[in-house]
Amino acid sequence: MPEQLISTKGELERIPINIKGLDDEIEGGIPVGSNVLVTGAAGTMKSSLCFNTIYNEAQNGRNVLYLSLEQSYVSLLNQMINMGYDFQKIDVTIIGSDPSIIKKKIKEVNKSKKGHLILSDLGSLRSAIKSKETASDNWWNIISKIVRTLKTETQISAVVMDSLNSLYVLSDFKQPRNKIFHIFRFFKELDLTTFFIAEMPKDGHKYSEYEIEDFIADAVVVLQLVERNRKVTREINIAKMRSTDVNNDVFTLEYGKNGFQAMYGGKMPLL
Amino acid sequence: MIDEDGIKEEIHQIKKTLKELEHKVDKLEKDVS
């Protein structure tokens, strides 16, 4: 579906990021159909934060897709169960990339009344193949087919790509900047809200590998670990969000029994 | 509910295919030698 013009402010449909204290600062959520770059160093909870957003979507009855290029589904789900996510509230279907198996699973997804989180575990497939992998364009071809099929057959609304860096390692993009533009367009044209996870160096001097992703993304969510007096806190800020009256301030990010929470006061002005 | 059948089936198929290919390679190597 092509992007559509709105006639009045507030008409855009939004997906809540599902972080208490932060959704109110971005008019209630991310505009549907946005490409969102979620960037941060290791340990900043990028995967957990994206999972949290699409888990909430599935809880609201929508089908969503998590593409894991590196972490196995066992490792990812154990992490989420340990954080307190309840997999009785939603259905989770683990798939690989085999079109015939995916088609079989799609029938089951469409029979279910609950929202479905479909997890494509390409990391486990890579482990199973064990062959000396040569970088190629094939993984992107596989991913795009999975996404297109699931969008057409199960009407997925949101996708997490974990991670862009893994895709770059697996792929031999001859003109990476051009390819990245087309990858972002691909998700946009399918009217999907897509979260691209990007590893950022710890010093935070750039948001993404090729330093183009943040320019073409509709939104950029920055996660950081900040050390003060030997105490480390997580921080979050929305560096950019198109079509949104956004508060760009830095918030402290905490995770507790009530989920993610963003709070003011995490940054000491004199430091 | 977590349904792992799809990925398990695919991994099983990959391992089966790899084993069959190994046998074919072994056979070809024997035939050549």
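**Where chain A meets chain B**

Modeller: Let's start at the contact between the chains: 17 residues of chain A are in contact with 11 residues of chain B, contact being C-beta atoms, placed from the backbone, that lie within 7 Å. A caveat before going on: this is a predicted model, so local features need pLDDT of at least 70 and side-chain atom pairs count only at pLDDT 80 or more, while totals for chains, interfaces and linings use all residues. As for labels, residues are numbered from 1 along each chain as its sequence is written, and chains are lettered from A and ligands numbered from 1 in the order in which they are written.

On the chain A side, the elements giving two or more residues are H2, strand S5 (91–95), helix H3 (99–111) and H4. Here helices (H or I, at least four residues) and strands (E, at least two) are DSSP runs, numbered from the N terminus. S5(A) gives the most, with 5 residues. Sorted by class, this side of chain A has 10 nonpolar, 3 polar and 4 charged residues; Ala, Val, Leu, Ile, Met, Phe, Trp, Tyr, Cys and Pro count as nonpolar, Asp, Glu, Lys and Arg as charged, and the others, Gly among them, as polar.

Now the partner. Chain B has 1 helix and 1 strand, and its C-alpha atoms fill a box of roughly 55 × 5 × 5 Å along the principal axes. Of its 33 residues, 9% count as buried. For that label, 20 or more other C-beta atoms must lie within 10 Å of the residue's own; 12 or fewer makes it exposed, in between is partly exposed, and the C-beta atoms are placed from the backbone.

The chain B strand joins in directly. S5(A) and S1(B) pair in the parallel sense over 2 bridges, where pairing requires that DSSP finds at least two bridges between the strands. In S1(B), Ile2(B) is the bridge partner of Val92(A). Zooming out, 11 strands form an open sheet with mixed pairing, in the order S12(A)-S11(A)-S10(A)-S9(A)-S3(A)-S8(A)-S7(A)-S4(A)-S6(A)-S5(A)-S1(B). At the edges stand strand S12 (259–263) of chain A and strand S1 (2–3) of chain B, each with a single partner strand, so one side of each is left without a neighbour in the sheet.

Not counting residues up to four places away in sequence, His116(A) touches Ala58(A), Asn63(A), Asp91(A), Thr93(A) and Val109(A). Leu117(A), with neighbours within four places left aside, is in contact with Ile54(A), Tyr55(A), Ala58(A), Val64(A), Tyr66(A), Ile90(A) and Val92(A). Val92(A) is the residue bridged to Ile2(B) in S1(B).

Of its 70 residues, Val38(A), Ile54(A), Leu117(A), Val159(A) and Val160(A) touch the most other members. Helix H1 (residues 46–59) of chain A supplies the largest share, 6 residues.

That helix lies across several strands of chain A, among them S4, S6 and S7, running at about 160 degrees to S7(A). Axes are lines fitted to C-alpha atoms, for helices over the stretch in contact, and angles run from 0 to 180 degrees between N-to-C directions. Helix H5 (residues 138–154) of chain A lies across S4, S6 and S7 as well, at about 170 degrees to S4(A).

Note on methods
A nonpolar core is a set of buried Ala, Val, Leu, Ile, Met, Phe, Trp, Tyr and Cys residues joined through C-beta atoms within 7 Å. Two residues are in contact if their C-beta atoms, placed from the backbone, lie within 7 Å.
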